[in-house]
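Here's a quick briefing to read alongside the model. Have a look at the chains first, then work through the notes by topic.

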Amino acid sequence: MSWPAPRTVRRLIGVLILVLWEAIPRLGILPELFIPPLTKTLNVLWLDRAIYAAALLVTLYEVAVAMLIACGAGILIGSVVGGVAGLRRLMLPVFSSLYAVPIVILYPVFTAWFGIGSESKIVFAGVYGFFPVMLSTAAGIRTIDEQYLLAARSMGASLPQLIARVVIPASIPTVLTGLRLGGALTIIGVVVSEMLTSANGIGYLVTKNRTTLDSPRVFAAIIVILALSVVYDIAVRFIERRTLVWQTAGRGASAGPTRALPAQASA
Amino acid sequence: MRGGALVLVRLALLAAVLLLWEGLPRSGIVNPMLLPPLSDVLDALVVILGRPDVHHALGITAAEVVVAFAIAVPLGTALGVLSAENEYFGEIFRPMLFYVFSIPKSIFLPMFILVFGIGFPQKVAYAAFSTVFIVIMSASAAVESVKAEHLLVARSYGATRQQILRRVYLPSMLPILLEALRISMIFNFTGVMIAEMYASRVGIGRLIADWGENFEMAKLLAGVILLAAAAMAFNEAVRSLEARCSTWRA
Amino acid sequence: MQYMAGVSGERAGAMKAAVDVRGLSHVYDGRDGAVPALQDIDLTVPAGRFVVIVGPSGCGKTSLLMMLAGLRLPTSGTILCDGRPIAKPDPARVGVVFQEASLYPWLTAVENVEFPLVLKRAPRAERRARAEAMLRLVGLDGFGARHPHELSGGMKQRVSIARGLVQDPPVLLMDEPFAALDEQTRMTMGHELLRIWSQTAKTVVFITHSLTEAVYLADEVLVMSARPGRILDRITIDLPRPRTYQMMATEEFGRLRERIWEQIRTTP
């Protein structure tokens with residue numbers, strides 16, 4: 001007997017989830033309060049599409065700016081801290097101890113300082129994404145094979161040439177990993193902060209509708225967020241596939257699942 | 001730069017940060033309403049550490065953390081080991097697992113609230129939910145890390161399943177399991193904090209959120225320092241344990 | 001054309017030693033104090049010779065090579081290459097081939113070979129032509145557009161050799177270039193290397209652990225001692241050229257191998 005391919009099974013599970021999502025509330029197995037039927041949720045999403053679109057726009061804006069901060073600063077500082085041996089030995093242990101702290105406890109501080117508008121979300125999500133990107137870039141910079149530099153030196157490369165023609169191309173897989181990580185985390189950071197204290201954004205819609213026990217609208221917002229994460233993930237995978245030539249360098253940037261996943265992904 | 005010098009430089013940096021924290025608000029460069037001077041925050045820390053309601057809140061939070069962990073770890077380990085031992089099962093679920101990590105799990109909080117209401121079970125359930133996935137992944141990775149060759153050698157010497165478990169799997173997996181424990185706890189603690197800050201009447205997360213809303217900045221920052229210290233202490237404790245078990249690793 | 005050292009034919013007749021090392025010693029700072037790595041190395045390699053250095057692990061052969069390449073400075077002693085001192089890497093005089101091919105994965109094979117010329121800002125057409133000529137020389141004609149991950153271990157090393165030769169240096173240094181290859185590929189590559197060498201008349205300094213490889217390839221084998229590395233013996237390999245696989249089965253071959261092993265084994 002041959003088992004179906006794992007991929008097929010996954011797809012079947014996906015379909016099953018959708019079917020159950022519709023059937024379970026309609027059949028009365030679980031109250032509609034807990035989980036409204038899928039069709040009802042989608043219907044409500046369509047009816048209120050203007051509201052959701054406006055909220056999504058706010059969320060996207062926050063994500064974009066926060067991503068710029070988290071990835072930009074993360075990659076830059078990560079390269080410097082990781083690349084300069086003295087700095088690395090000095091700062092890296094400090095940073096990796098700090099990352100054990102749940103950053104969400106800083107959110108009340110940010111709301112007190114920046115208000116409940118987009119600024120606090122951007123700052124929070126920026127910090128949220130910054131640490132993992134910085135740490136993974138710092139780690140990745142070190143995997144640039146010493147041999148590459150040695151070979152280039154043996155060919156008489158000057159320092160600017162070393163940086164431009166060896167270090168930078170060799171860092172691209174690391175940078176891409178940082179971007180993938182940072183992006184996913186800033187989305188998480190924005191959503192969490194919008195759910196907590198906010199006046200706008202998709203996360204806010206989740207909270208607002210929950211307090212009015214409007215389950216279909218809560219789930220509609222959840223669907224939008226899920227769609228956002230999935231689309232981002234697909235987009236990044238697409239880019240990663242295109243840059244395979246650098247990836248197959250073999251000197252991987254990731255060193256195992258537990259190391260590759262930052263705590264911030266728990267949110 | 002050698003070890004001793006490194007520590008000194010770090011201490012110096014810390015001292016500089018602390019001095020700024022004290023000086024900037026006091027001199028008025030930074031609004032002391034927003035960032036109280038360090039001494040005020042430390043005073044507040046002493047105060048809150050003495051308050052019974054804070055003790056109560058800390059107790060509740062600690063309980064949530066422990067119970068959630070106690071649920072997530074065995075459950076996740078079982079699923080993780082299963083996923084590593086059974087290739088088919090693993091093949092199906094591994095990609096799904098990776099997806100899960102890029103989804104904001106906090107969006108499921110409302111569901112937990114709808115089902116459990118607001119209270120201890122809801123927070124524990126949510127925290128366990130946020131933690132279980134990383135435990136699954138770590139356990140799976142730990143099992144896979146046991147080198148096939150080591151197993152082959154043991155089997156060729158006629159070791160029983162029990163002996164293989166004790167003498168090959170366990171020592172091989174121990175450092176990784178400790179690291180997994182450490183990281184899972186970070187996820188767990190984060191989950192508990194989010195649940196408390198989102199919808200809870202009690203717990204330290206709730207307290208600091210309230211202090212924030214009421215602009216009681218000194219207490220808020222004191223609470224943040226307290227929690228940060230606790231998190232880091234646990235982290236370093238497990239890390240040193242890991243280091244002691246890892247002497248044989250390359 | 002100032003980035004190329006000139007046609008190798010001119011070198012063949014030169015009386016100057018290609019590599020001349022006098023009194024080279026090196027001491028480095030270890031964790032517990034000064035460690036003597038190399039001790040009083042005197043070494044003269046006439047132009048066009050194939051010299052192989054063998055020695056136990058850690059004897060400093062790689063350090064020696066690094067200094068010949070100008071990548072490291074010895075604590076004392078002089079190194080002359082082509083009559084002039086080497087103080088920093090000079091790919092027009094000395095080409096280096098490392099154990100790990102260290103090709104850049106984001107460049108194609110031909111781009112990897114022309115990399116040294118890119119560093120010298122040579123004009124595009126000339127460097128491309130030169131790189132392709134080198135690829136032809138090492139037997140990889142037509143593989144220029146491939147990326148390293150599409151090449152086998154042996155092919156990667158060929159590209160590495162082509163890269164070392166692209167500026168036509170009179171001296172080629174090779175640090176255990178075939179160590180990461182399986183035995184059969186090693187034998188093929190050794191044979192190929194001899195062919196390339198005979199067509200280009202370079203001076204080669206080759207490091208290896210393998211005694212068979214040493215005897216097969218060399219005009220002269222230098223046996224180094226364990227740390228601190230000293231030259232224990234210079235053994236001339238009188239086997240006729242071109243070398244063939246059949247020679248490996250001869251008594252003469254076996255005796256030479258034994259002699260080298262004896263030296264390494266018995267010296268403390």
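How far apart do the C-alpha centres of domain 1 of chain B and domain 2 of chain B lie? They lie 31 Å apart, with the domain bounds taken from an automatic or database domain assignment.

Before going on, keep in mind that this is a predicted model: local features need pLDDT of at least 70, side-chain atom pairs count only at pLDDT 80 or more, and totals for chains, interfaces and linings use all residues. Residues are numbered from 1 along each chain as its sequence is written, while chains are lettered from A and ligands numbered from 1 in the order in which they are written.

**Chain A**

- Chain A has 12 helices and zero strands; helices (H or I, at least four residues) and strands (E, at least two) are DSSP runs, numbered from the N terminus.
- Read from the N terminus, its elements go α-α-α-α-α-α-α-α-α-α-α-α.
- Of its 267 residues, 47% count as buried. Buried is for a residue with 20 or more other C-beta atoms within 10 Å of its own, exposed is for 12 or fewer, and partly exposed is in between, with C-beta atoms placed from the backbone.
- Among the contacts in chain A with a separation of 6 or more, 76% are between residues 24 or more positions apart. Two residues are in contact if their C-beta atoms, placed from the backbone, lie within 7 Å.

**Chain B**

- Chain B comes to 10 helices and zero strands.
- Chain B has a radius of gyration of 23 Å, well over the 18 Å that the globule rule gives for 250 residues, so it is more spread out than a compact globule. That radius is taken over C-alpha atoms, and the globule rule is 2.2 Å times the number of residues to the power 0.38.
- The C-alpha trace of chain B spans about 75 × 55 × 30 Å along its principal axes.
- Domain 1 of chain B covers 1-29, and domain 2 covers 37-245.
- Buried residues come to 40% of the 250 residues in chain B.
- For contacts in chain B with a separation of 6 or more, 74% link residues 24 or more positions apart.

**Two packed helices in chain B**

- Helix α3 (residues 52-85) of chain B packs against α4(B) at an angle of about 120 degrees, with the axes 6 Å apart. Axes are lines fitted to C-alpha atoms, for helices over the stretch in contact, and angles run from 0 to 180 degrees between N-to-C directions.
- On the α3(B) side, the contact is made by B:Leu82, B:Ser83 and B:Ala84, and on the α4(B) side by B:Phe89, B:Gly90, B:Phe93 and B:Arg94.
- By class, the residues of this contact are four nonpolar, two polar and one charged. Here Ala, Val, Leu, Ile, Met, Phe, Trp, Tyr, Cys and Pro count as nonpolar, Asp, Glu, Lys and Arg as charged, and the others, Gly among them, as polar.

**Where the chains meet**

- Two pairs of chains touch, and chains A and B have the most contacts between them.
- Chain B puts 55 residues in contact with 46 residues of chain A. On the chain B side, α8(B) gives the most, with 12 residues.
- That side of chain B has 41 nonpolar, nine polar and five charged residues.
- Chain C has 17 residues in contact with 16 residues of chain A. The largest share of the chain C side, three residues, comes from helix α3 (residues 109-119) of chain C.
- That side of chain C divides into 12 nonpolar, three polar and two charged residues.
- Chains B and C do not touch, and their nearest C-alpha atoms are 12 Å apart.

**Inside chain C**

- Chain C has an open sheet of six strands in the order β6-β7-β8-β3-β9-β10, with mixed pairing. Two strands pair if DSSP finds at least two bridges between them.
- The edge strands are β6 (94-97) and β10 (231-236) of chain C, each pairing on one side only.
- Neighbouring strands of this sheet are turned by 15 degrees against each other on average, direction ignored.
- Strand β9 (residues 220-224) of chain C pairs with β10(C) in the antiparallel sense over five bridges. C:Glu220 has C:Thr236 as its bridge partner in β10(C).
- Helix α2 (residues 61-68) of chain C is mostly covered, with seven of its eight residues buried. The buried residues include C:Lys61, C:Ser63 and C:Leu64.
- After α2(C) comes C:Gly70, with a positive phi near 80 degrees.
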